Amino acid sequence: MIPRFELARLELPGRVLVTLFVLFMGGGYLSALLQLHGTHPSRDDVVAAFHGSPTQTRLLFMARGDMRQNLKSDEELATLEKWVAAGATAETFEPVQKVLAARCIRCHSEGKEKEDAPLDSFEGAKAQTRIEPLISTKRLVALTHIHVLAMGCLFGLLGAVFCATSFGPRVKLAVVVTPFLGMMLDFSGWWLARLAEPFCDLILVGGLLTGLGLGGLVLGTLLDLWILPRRDLFS
Ligand code: HEC
């Protein structure tokens, strides 16, 4: 018989190495999730990012986020929100124009830092209220290729380690495949959501599945390294 590599047979240094490896990978993924949670906290934010949402146009997304510091009060933000909610028409633009002129055009006008996104005219402001994905196609291409490569390596290595545990082949197959399946749903969702809003749910389901799969890989490996070999101690 061909001798198989098994985690349970590793000496202490090997066990500690594998433990640190899975903890780092799991911890890295967890911190990425927490960071993501800061930017996409709800379904509506996922819709805004990948499909486009009438309540979260680029104007409001920025005014609530990075550009909030330029606004002096909640009323000014409410003025922008009301205008967008009412369809961002020329007739209701006047109060908005005052806010933009006072707080925004020193950067968002010709010759200034952000002249490519002018806010000194109705047309310019209106352009920032288009219902379109907040993540541009160019950025999505970059995000997709980075994630495919990075996640492929991460789950490939963790899966290889998991295959050396003492779990049965069915458990191994399920745990090894789940995060890949989750990422495939996630990535398909990223792109399909541009076509139709319901595909945003693929992103949420995919993310959940990926998290579950990763949890299974990390916890299963730790269990096999440290708990299962000591089974007799508990009986
Ligand atoms: C100090 C300069 C400055 C001020 C003042 C400022 N912005 Fe910006 N704005 C920027 C810069 C720089 C960017 C690009 C950085 C980024 O995308 O995060 C930007 C990006 C934006 C964008 C996205 C444009 C795009 O094409 O991606 C919007 C919308 C926006 N700002 C709205 C506002 C609003 C509304 C105000 C007033 C409340 C405001 N900004 C005030 C500098 C400024």
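**View 1. The buried residues of helix α2 in the predicted model.** Val-46, Val-47, Ala-48, Ala-49 and Phe-50 are the buried residues of helix α2, which covers residues 43–50, where buried means that 20 or more other C-beta atoms, placed from the backbone, lie within 10 Å of the residue's own. Helices are DSSP runs of H or I with at least four residues, and strands are runs of E with at least two, numbered from the N terminus. The cover over these buried α2 residues includes α3, α8 and α9 (200–227), a contact being a pair of residues whose C-beta atoms, placed from the backbone, lie within 7 Å. Just after α2, Gly-52 takes a positive phi of about 115 degrees. Residues are numbered from 1 along each chain as its sequence is written. Because this is a predicted model, local features need pLDDT of at least 70 and side-chain atom pairs count only at pLDDT 80 or more, whereas totals for chains, interfaces and linings use all residues.

**View 2. The shell around the ligand.** Of the 17 residues around the ligand, Met-62, Met-67, Cys-104, Cys-107 and Ala-117 come nearest; a residue is near a molecule if its C-beta atom, placed from the backbone, lies within 6 Å of it. Helix α3 (residues 58–64) gives the most to this shell, with 4 residues. By class, the shell holds 8 nonpolar, 3 polar and 6 charged residues, with Ala, Val, Leu, Ile, Met, Phe, Trp, Tyr, Cys and Pro counted as nonpolar, Asp, Glu, Lys and Arg as charged, and the others, Gly among them, as polar.

View 3. The protein is divided into domain 1 (11–49 + 134–226) and domain 2 (54–127), with bounds that come from an automatic or database domain assignment. The centres of domain 1 and domain 2, taken over C-alpha atoms, are separated by 37 Å.

**View 4. Confidence along the helices.** The protein averages a pLDDT of 92, and 96% of the residues score at least 70, pLDDT being the predictor's confidence in each residue, from 0 to 100. Among the elements, helix α8 (residues 169–192) has the highest mean pLDDT, 97, whereas helix α10 (residues 231–234) has the lowest, 60. Where pLDDT is low, the predicted coordinates should not be read in detail.

Conventions
Buried ≥ 20, exposed ≤ 12 C-beta atoms within 10 Å, placed from the backbone. Contact = placed C-beta atoms within 7 Å.
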